[in-house]
Amino acid sequence: MLTLASYLLDTLVKKTLVTLAFIIWLSSSAIGKEMYDVSTLTPNEAYEYGELLRVQLKNNAALEYLKFAADAGHANASYVYASELKRKRSSHQEDDSYQQYMMLAASNGSLAAKRYLYTRADWLSIAEKAKLRDEYHDQLIELGATEPSFAYFRLSQYYYQDNDELSDYYLEKAQQFDVAKAFMEEGERIKSGHKSFIFQAKGERAMLRQYVKAAELGYIPAIRRIVTIFESESDFKQALVWREKALENGDLTSLISLSRIYRGESDQYSFVGIDLVRSKAYLEVFLQSAGRDLLPSLYSQAEDDFSKLTKLTDKEQAKESDYIRSSLLSKKDFIRYDEVLDSVQY
């Protein structure tokens with residue numbers, strides 16, 4: 001295998017965030033409008049639009065765009081498409097098309113696909129998995145020359161439980177690049193007992209600090225974990241603060257939970273004053289941003305609740321609600337955290 005020293009240098013410039021200008025433009029254009037003709041898009045555009053549809057719970061609509069990009073040789077599109085096929089596949093079905101697309105993704109260079117295959121593909125032989133594992137490692141080493149933050153974090157995952165010292169080293173390196181999931185990962189390792197502390201309270205404080213670092217970088221799973229921690233301690237005022245932070249970071253499902261809180265449907269948050277105007281605005285943002293493909297019952301319930309609130313609010317309140325809705329949509333694209341796309345990024 002290649003040596004890390006040949007590629008990763010401590011003086012490498014901190015990786016900048018990739019601007020998803022195309023996705024943002026599509027998101028603002030797609031709300032309430034027809035789907036794009038896939039034949040007019042490049043494979044990368046089709047993949048990015050398919051990504052957008054997935055995180056807006058429009059999984060069925062995403063399939064056409066992901067397949068188009070996958071068939072055109074887009075590695076990550078093949079991986080996401082394979083994952084979606086696997087999700088939709090019944091345990092009684094013998095269709096192995098998701099396996100074919102997963103293999104295609106790996107052959108085209110998808111790191112996420114290679115990691116999936118060597119860790120979870122039970123249809124592959126031990127030798128095939130070992131080959132993929134070596135390829136994965138070597139590809140990370142090469143990637144370190146241009147994307148060190150990404151490479152460091154994945155190398156930390158690669159060595160986890162095989163060489164803990166090396167894994168921790170790479171995790172610390174990733175944190176130096178402000179990789180949000182690297183802080184989240186350290187918090188998870190503390191939580192699982194991988195990193196031990198003499199005093200439990202000290203460990204809990206250290207764990208929370210890591211989650212907060214990830215949350216401050218906008219990582220939604222970390223924000224949710226913090227909410228869970230404060231709720232478990234019955235500190236619902238702090239939990240509300242972090243629920244609001246999730247909303248500020250564009251978390252789609254937070255619109256639903258906060259709408260319930262502001263219309264007085266949560267006993268735990270009964271200290272929050274009822275605000276039907278805000279509750280209605282949050283539901284409308286959800287309905288305008290989300291699809292019903294992945295969570296149809298949630299969408300239907302949101303429709304019912306919105307209908308009830310519409311009847312309970314007068315004309316002036318409707319204007320106020322519309323102002324909040326417009327303001328939210330102008331500032332942020334509301335999406336749902338997606339584990340598959342997260343595995344592509346990290």
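Leu57 is buried, with a relative accessible area of 1%. Buried here means under 20% relative accessible area, so Leu57 falls within that class. The model is predicted.

Where does Leu57 lie? Leu57 sits in the loop between α2 (43-55) and α3 (59-71). Its backbone deserves a look too. Most residues other than glycine have a negative phi. Leu57 is not a glycine, yet its phi is positive, about 65 degrees.

Asp178 is found in the loop between α9 (164-176) and α10.

Is Asp178 buried, partly exposed or exposed? The relative accessibility of Asp178 is 37%.

How much space lies in the second largest pocket? The volume is about 960 Å³. The lining of this pocket has 34 residues. Closest to the pocket centre are Arg120, Lys181, Glu339, Val340 and Ser343.

Several helices contribute to the lining. Each of these supplies at least two residues: α4 (75-88), α6 (111-120), α8 (148-159), α10 (180-192), α12 (220-232) and α18 (339-345).

What kinds of residues make up the lining? The lining of the second largest pocket holds 17 charged residues, 12 nonpolar and 5 polar.

Key
Residues numbered from 1 in each chain as written. Predicted model: local features only at pLDDT ≥ 70, side-chain atom pairs only at ≥ 80, totals over all residues. Heavy atoms only, no water. 1 Å grid on protein atoms, 1.4 Å probe; cavity = no way out; pocket = protein on both sides within 12 Å on 5 of 7 lines; lining within 4 Å. Points joined across faces, edges and corners; volume = space filled by probe spheres on them. Helix = DSSP H or I, 4+ residues; strand = E, 2+ residues; numbered from the N terminus. Nonpolar A, V, L, I, M, F, W, Y, C, P; charged D, E, K, R; others polar. Buried < 20%, exposed > 50% of the residue type's maximum accessible area, 1.4 Å probe, protein only.
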